[in-house]
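The following paragraphs go through a protein model, starting at a surface patch and moving on to salt bridges and a pocket. Please keep the sequence and the coordinates at hand while reading.

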Amino acid sequence: MKKLLMDILIKVNILKIIGDSKKWIEGISIHSKMVKKNRIFVAHKGRSTDGHLFIIEAIQNGANIIVCEKKPFFIHKSITYVLVKDSIEALGTISSNFYDNPTKKIKLVGITGTNGKTSVATILHCLFYKMGEKNILISTMGIKIMSKKIPTLHTTPNIIEINKYLNISIQKGCKYAFMEVSSHGIHQKRITGLLFTGGIFTNITHDHLDYHKSFDNYLSTKRFFFENFLHKNTFALINVDDKNSHKIIKNVLAKIYFYGVKKKADFKIKILKENINGNELLIDKNKFFIGLIGKFNIYNLLASYATAILLGKKKYEILKKIKTIKPIKGRFEQFLSYSGIRIIVDYAHNPNGLKTVLNTIKKIKKKEEKLICVIGCGGNRDKKKRSLMGKIVYDLCDRSIFTSDNPREEDPKKILIDMKKFRSYFKKKKYILTIVNRKEAIKKAIQLAKKKDIIVLAGKGHENYQEIKGIRYPFNDMKIAKTLLKNDNR
């Protein structure tokens, strides 16, 4: 793809251009080492590094245009410098322009909230695909265009990748896009330049406070998405049962719709029966069974149903296909061994998500069935939630095994100490097993379990790696559990 520089600078807040403005460019990069010939390098000041320090390296690697916030000390005659007020905002507009403004040609729905983003986005992707509608999924689990998964360099795609794959999906006939919108992505302006058809608010609870510093900051970041990315011709779908929902919609211009189970809403659902295999539901006078477990998944399903209606789909067509939706990988994903031990893998990595999963199991399991949980907390992340999560597992489970999650640069032993800093533990009603090695922790849980017991492997969900000291080692909870239980004939 080739574009004239001035064509991709449309609507960019330019302070000054130094050098030739009539150049062709063949790509965009924010990483100096990945720059190739005739590409733009966008230098921005991040939380840990300043991209302006890598301008010379970018030029040496082939960049012929530099977008930056301050004039470099040395000006190369053959290089064009575009000075802007905000490099990240400029990057969003430049990326959209370079890839032919894809969000003008596709219906993009953003899903934000503490929990449920991946599930709602994935359910929508599957639902629309089943209804014969070509669409793209952009989530922490990767990018999928129809049924094809696209390998990406980063877990969370940057704005260049988002526009690139949206453009590719349009060329393949996609009319819809479903995308997770994280609080980090909003705050770091990683969605600038995108035009949304609608936005979904799932819920908001304690998470990412290491980054946002306070719950109010976290809440205002979520609210910023609805106030600034949704205009009057779009829709905002809000979980009315969340206690902070009224704060999210204060200054929203979009048409607001509510969904929920408890309170009055535009879209409602009734849970008729629930067990370990799924739920019997009533929606718009239609009764059906679905293999999704837990009330949290019912909210995700209802949000997806409501969104499909708001996007113009017929109720009977949605209901026909939505009941065939399978559990999402790593989200209350189940496996029953030959010996009768049930394994549940879930991505729950914050207090509310963890509490919801464990309470769901306690509600539907039989009295004689023991609940064992293997849990860790991520390193270099919110330390305040560690003892909260430790306490939740200790209080709700019959056996607690604390282990490593992704310790990253931290000492995993110190993380385990943090997890045990809660009052009820010191009453010594029951002890906690602490096993640093996650595989050994899973093995121990299986050894302790008896027939019909339930083991929850929490925190890592779909992840295929464990990050230790900057290295990602192959690791998947479900695969390891299945391997360990393969010859278990107790």
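A nonpolar surface patch is formed by Ile468, Ile471 and Tyr473, which together have about 250 Å² of accessible area. Patches consist of residues with over 30% relative accessible area and no salt bridge, with like charges joined within 9 Å and nonpolar side chains (Val, Leu, Ile, Met, Phe, Trp, Tyr) within 5 Å. Accessible areas come from the Shrake-Rupley method with a 1.4 Å probe, and for residues only the protein chains shown count as cover. The model is predicted: local features need pLDDT of at least 70, side-chain atom pairs count only at pLDDT 80 or more, and totals for chains, interfaces and linings use all residues. Residues are numbered from 1 along each chain as its sequence is written, and side-chain values use heavy atoms, with hydrogens and water left out.

Ile471 belongs to strand 27 (residues 471-474); helices (H or I, at least four residues) and strands (E, at least two) are DSSP runs numbered from the N terminus. With a relative accessible area of 42%, Ile471 is partly exposed, a class between buried (under 20%) and exposed (over 50%), with a 1.4 Å probe and protein chains only.

Glu467 and Arg472 meet through their side chains in a salt bridge (3.5 Å, N to O), defined as a side-chain nitrogen of Lys or Arg within 4 Å of a carboxyl oxygen of Asp or Glu. Glu467 is buried at 17% relative accessible area, whereas Arg472 is partly exposed at 45%.

The whole structure contains 16 salt bridges. In one of them, Lys3 pairs with Asp100, the closest N and O atoms being 2.5 Å apart. This pair links distant parts of the chain, 97 residues apart: Lys3 is in strand 1 (residues 3-4) and Asp100 in the loop between helix 3 and strand 8 (107-112). Lys3 counts as buried at 16% relative accessibility, and Asp100 as partly exposed at 31%.

The second largest pocket has a volume of about 550 Å³. Among its 25 lining residues, Thr93, Thr192, Gly193, Leu194 and Leu195 are the closest to its centre. Here a pocket is an open set of points on a 1 Å grid over the protein atoms alone, where a 1.4 Å probe fits, with protein on both sides within 12 Å along at least five of seven lines; lining residues have an atom within 4 Å of a point. Grid points are joined across faces, edges and corners, and the volume is the space filled by probe spheres set on them. Helix 3 gives the largest share of this pocket's lining, five residues.
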